[in-house]
Amino acid sequence: MLFLKITLIVLAALLLGTVALSAYLFRFACRRNGRGNEEENLEKLKKSHLAPFAPAIGEGIAAFRAAEKEDVYIESRDGLRLHGYLLPRENAKGTIIMVHGWRSRVAYDFSVIWHKYRDMGYNLLGIEQRAIGESEGKYICFGVKERFDLIDWVHFVNDRFGKEKPVIFSGISMGSSTVMFAVGNEELPENVIGAIADCGFTSAHDEFCYLLRTSYHLPKFPFLYIANLFAKIFAGFTFNECNSKATLKRARVPVLFIHGEADDFVPIEFTKRSYEACASRRELLTVKGADHGMSYLADKENADKRLTEFLNSLHTRNECES
């Protein structure tokens, strides 16, 4: 009898511990918190092996903050007030919508590239994804709900600059996944002519499986399944609800895929799978030795060349089809 009681207590403790750890994983991944601003990300970078890149990123952040821009807002389909930074320019040939990564910000993720886009003649719209920065929302949804937010931002751009002006998506990390989920959506406006997807995951499920194994040394069962249940109950989405391998089969705009070969946060295999699944014109740039989100800095000459060629090709193609 005593053995049975002890066994039941141990089993109950294990069950409670499993649920508690799964709840922590869900909250850590999805719930809004105070982390992810530019200063904290930059300070963390300075203490890492990527410290040599910190000056360039810091200069880019400062320049973005000093640039003349507008605070703009839209309302999401579920009633959230979403925030973005609009940098219009005279006689722009189109608009690039910049989509940041998980718990990051536009000024940080696009610190070394935003001025290139602007110099190439584009309006810039840097959006803050739900539950990040000034955008409302309690939970980050890893592109599942954000894909519709991105499409609604295109409607904002079209109302501002006209439906005849091209729109291009540029996403990094989770922002890249948001972009990949959006380009395969049947609601995608016709004036979206291309997308840049830098180091995105195929799905939240795939990414969490990878991180559980490599960072936490935990099996996906039962932790991921319980965390997924919390996501469904509290945030209204599931980790496997969107997968780029499925959405990109419906893509109709060219996509430039970028990934660093030394990325240990989102493995390069995810981008290769997305590239293989993409039904539209596609290009792949992998950068030797580049960590997560650092491809442009790790090989600026080649990355800059490929990026310029890709963007120019979108307009040539668009003019031929008109």
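## Buried helix, core, cavity and salt bridges

In helix α7, the residues Met174, Gly175, Ser176, Ser177, Thr178, Val179, Met180, Phe181, Ala182 and Val183 are buried. Because 10 of the 10 residues of this helix, which spans residues 174-183, are buried, α7 is largely enclosed by the rest of the structure. The model described here is a predicted one.

The nonpolar interior can be described next. In soluble globular proteins, nonpolar side chains tend to be buried together. The largest nonpolar core has 40 residues, and among these Met98, Tyr117 and Leu311 touch the most other members. Helix α13, made of residues 300-321, gives the most to this core, contributing 5 residues. When residues up to four places away in sequence are not counted, leucine 311 touches Ile96, Tyr117, Met120, Tyr122, Ile168 and Ile196.

The structure also holds 1 cavity of 30 Å³ or more, and about 40 Å³ of space lies in the largest cavity. The lining of this cavity is formed by Leu82, Ile127, Glu128, Gln129, Arg130, Glu146, Asp149, Leu150, Trp153 and Thr178. Helix α6, which covers residues 146-161, gives the most to the lining, with 4 residues. By type, the lining residues divide into 4 nonpolar, 2 polar and 4 charged. Thr178, one of the lining residues, is also one of the buried residues of α7.

Salt bridges form a further part of the picture, and the structure holds 13 of them. The table sets out three of these pairs.

| Salt bridge | N to O distance | Relative accessible area of each partner |
|---|---|---|
| Lysine 46 and glutamate 43 | 3.4 Å | Lysine 46: 43%; glutamate 43: 40% |
| Aspartate 152 and arginine 77 | 3.0 Å | Aspartate 152: 14%; arginine 77: 45% |
| Arginine 105 and glutamate 128 | 2.9 Å | Arginine 105: 16%; glutamate 128: 1% |

Lysine 46 and glutamate 43 both lie in helix α2, residues 38-46, where they are 3 residues apart, or about one turn of the helix. An α-helix has 3.6 residues a turn, so residues three or four places apart point the same way. Lysine 46 counts as partly exposed, and glutamate 43 is partly exposed as well.

The side chains of aspartate 152 and arginine 77 meet in a salt bridge. Aspartate 152 lies in helix α6, whereas arginine 77 lies in the loop between β1 (70-75) and β2 (81-87), so the pair ties together parts that are 75 residues apart in sequence. Aspartate 152 is buried, while arginine 77 is partly exposed.

Arginine 105 and glutamate 128 likewise meet through their side chains in a salt bridge. Arginine 105 belongs to the loop between β3 (94-99) and α4 (106-109), and glutamate 128 to the loop between β4 (122-127) and α6, so this pair ties together parts that are 23 residues apart in sequence. Arginine 105 counts as buried, and glutamate 128 counts as buried too.

Lysine 245, finally, lies in helix α10, residues 244-247, and counts as partly exposed at 33% relative accessibility. Leaving aside neighbours within four places in sequence, lysine 245 is in contact with Thr202, Asp206, Arg273 and Ala277. The C-alpha atoms of lysine 245 and phenylalanine 169 are separated by 18 Å, and these two residues are 76 residues apart along the chain.

How values were computed: Residues numbered from 1 in each chain as written. Predicted model: local features only at pLDDT ≥ 70, side-chain atom pairs only at ≥ 80, totals over all residues. Heavy atoms only, no water. 1 Å grid on protein atoms, 1.4 Å probe; cavity = no way out; pocket = protein on both sides within 12 Å on 5 of 7 lines; lining within 4 Å. Points joined across faces, edges and corners; volume = space filled by probe spheres on them. Helix = DSSP H or I, 4+ residues; strand = E, 2+ residues; numbered from the N terminus. Nonpolar A, V, L, I, M, F, W, Y, C, P; charged D, E, K, R; others polar. Core = buried A, V, L, I, M, F, W, Y, C linked by side-chain atoms within 4.5 Å. Buried < 20%, exposed > 50% of the residue type's maximum accessible area, 1.4 Å probe, protein only. Contact = heavy atoms within 4.5 Å. Salt bridge = Lys/Arg side-chain N within 4 Å of Asp/Glu carboxyl O.
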